[in-house]
Amino acid sequence: MKYQDTLNAIYARLDRLGDLPVFSATINRIRQVSSSRQSDAMALAMAVMKDANLSARLLKIANTPTYNRSGGQISAVSRAVVLIGFERIQNLCVTLKLIESFRDEQPDSGIEQLLISAFLNASLAREMAAAAGALDIEETYICGLLYGLGEIIVAFTLPDVYAEMLRARQRARDNWPRIQLQQLGGHFSDIGQDLAQSWGFPKRVVQAMDPLTAEQQRGNGRLNHQLAVSCHDLLELVYSRDTAGELDFSVLMSGLAEITRQPVENLDQHLGEAFRQVCDLADEYGLSHRIISPRLNVSDDVDLDEMTRKLAYYVHSREARHREVPAPSELVETQPSEETRQMERQLHHLQAMNALIIAPTSPSQILEATVAAIVDACALERVAFCQLGANGQELKTRIAAGTGHEVVKAFFQLHRQMPDVLLFFRIMEKRMTLLVPDTEEPGWRERLPEHFLQSVDPKGFIMAPLVVQDRVLGLMYADKGDLIEDHEFKVFNQFLMQARLGLEVLQSRR
């Protein structure tokens, strides 16, 4: 089949169905509102609430542990918007409508596996992007979600052709890209790009769907493609779909470790988090966990088999727990937990920062609010913003808060020529986030500056550059006398992103 014939057949099928609900007026309105700097949480909530079914599903997802750490009930879409964030709400809406529309049209087609894989790829890419210190992890999410769009569309509109392609793949006489070329006259990425562009997705997202166009991008655009492809290929191995044996697990993991600047042994936690999120989604839609669970195989790769076994065990144990219904008494919480109180404080600070951004304000006020919010909204004990000098040679504390912050303030009076301080300047130069959950873990004491450990004496700490419109303003630092937990790192990142947004708004007003 020639490629144009394939496209004509796809568009003819879509025309008979009418425009897919995922690209309906509701979704377009949500995308417009969430991308506008003038919009507030209520405007986005109003756009979501125009679709009653979407609102109900969104609230159920918002109340899962992935997004609602406090355990307190989120009953208003506007509160979900504030807690989760504009971009993530937008991407959740696109995800929910994507699954809903394709399943409603062909509920027995088996297309759920492709939809689940798309969401899993998106979630994993976002986890990896966060580890890599990407500037826009929600854009990475949508790139991961749409990377497999071409295959979904072919399975949906040309089911007989797609079934023959799967049979050819199973015979393993040709590799998967060649089968696509033979049967469709092009690749899935070509079809996905054509449709994504016609449906109005941003150019950066469309270009990230194919290696040739991705070569034209730099920075976050190139990273989006690298993560979408690498995560997709990793899932192909986990689900034993690489029948031609072209992919190598250790090579993929090493590549992801290089992209994210993470040790290989740390990557499995990101894969586990992505599986947790997809299980939440499956619970909401009543999808069988068998669709999510990888098959247990014995291959020549011991590491791949071990990862597959762990993921399969997690999904099966999750399904078993999901069937257990707690007694009513177990659902009653007599008083708010500390986690609930922290979440309420987090919400309060987010609302205050939103109000501050809208009103006439100064960069110092936004940074002071950010530092105060991080200290108050989680268990991080000392927080500081250290400003990079105009010449890039000096780093000095400008704002600090928390118990014992004077020590941090005194330490961060650094000049690049001082001995043993290059780590702090390189973090800003490479625009990477450094998370050390426990400085007592083997290897960290040798890698970190000795005078930093002696003077500041953190148990766990986070350092991240504050970048606004491609300019590094300085370093945001936070630590505590105990281990850094995942949710504390996420709170830190959330307020750092809010600070970036606020400072960008101030820049645009000038």
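This dialogue goes through some features of a predicted model.

Reader: How many helices and strands does the protein chain have?

Author: The protein chain, which has 510 residues, contains 27 helices and six strands.

Reader: What share of the residues in the protein chain is buried?

Author: Buried residues account for 51% of the chain. The accessible surface comes to about 23400 Å², and carbon and sulfur atoms hold 50% of that area.

Reader: Which contacts in the protein chain join residues at least 24 apart?

Author: Take the contacts between residues at least 6 apart in sequence; 64% of these join residues at least 24 apart.

Reader: Where do nonpolar side chains tend to be in soluble globular proteins?

Author: The general idea is that they tend to be buried together. In this model the largest nonpolar core has 127 residues, and F275, I292 and F492 have the most contacts inside it. Helix α7, residues 112-132, gives the most to this core, with 11 residues. Apart from it lies another core of 27 residues, including V436, L448, F461 and V467.

Reader: Which residues does I292 touch?

Author: Setting aside residues up to four places away in sequence, I292 touches I116, Y239, F275, V278, C279, A282 and V315. F275 is also one of the residues with the most contacts inside the largest core.

Reader: Which residues line the largest cavity?

Author: The lining consists of I61, T66, Y67, L92, F119, Q277, D280 and L281. By class, five are nonpolar, two polar and one charged. Helix α17, residues 267-285, gives the most to this lining, with three residues. The space in the largest cavity is about 40 Å³, and the count of cavities of 30 Å³ or more comes to one.

Reader: Why does D280 count as buried?

Author: The general idea is to compare relative accessible area with a cut-off, and buried means under 20%. D280 counts as buried because its relative accessibility is 7%. This residue sits in helix α17. Leaving aside neighbours within four places in sequence, D280 is in contact with I61, T64, T66 and R318. Of these, I61 and T66 also line the largest cavity.

Reader: How many residues of helix α5 are buried?

Author: Helix α5, residues 77-84, is mostly covered, with six of its eight residues buried. They are V77, A80, V81, V82, L83 and I84. Just after α5, G85 takes a positive phi of about 105 degrees.

Reader: Which residues have a positive phi although they are not a glycine?

Author: D420 is one of them, with a phi of about 65 degrees. D420 lies in the loop between β3 (413-415) and α24 (422-430). With a relative accessible area of 47%, D420 is partly exposed. Q469 is another, with a positive phi of about 50 degrees. The loop between β5 (460-468) and β6 holds Q469.

Reader: Is M476 buried or exposed?

Author: M476 is buried, because its relative accessible area is 0%. M476 belongs to strand β6, residues 471-480. Not counting residues up to four places away in sequence, M476 touches L367, T370, V371, V383, A384, F385, I462, M463, A464, F492 and L496.

Reader: What separates the C-alpha atoms of M476 and P465?

Author: The two residues are 11 residues apart along the chain, and their C-alpha atoms are separated by 6.1 Å.

Methods: Residues numbered from 1 in each chain as written. Predicted model: local features only at pLDDT ≥ 70, side-chain atom pairs only at ≥ 80, totals over all residues. Heavy atoms only, no water. Helix = DSSP H or I, 4+ residues; strand = E, 2+ residues; numbered from the N terminus. Buried < 20%, exposed > 50% of the residue type's maximum accessible area, 1.4 Å probe, protein only. Contact = heavy atoms within 4.5 Å. Areas by Shrake-Rupley, 256 points an atom, 1.4 Å probe, with all protein chains shown as cover. Core = buried A, V, L, I, M, F, W, Y, C linked by side-chain atoms within 4.5 Å. 1 Å grid on protein atoms, 1.4 Å probe; cavity = no way out; pocket = protein on both sides within 12 Å on 5 of 7 lines; lining within 4 Å. Points joined across faces, edges and corners; volume = space filled by probe spheres on them. Nonpolar A, V, L, I, M, F, W, Y, C, P; charged D, E, K, R; others polar.
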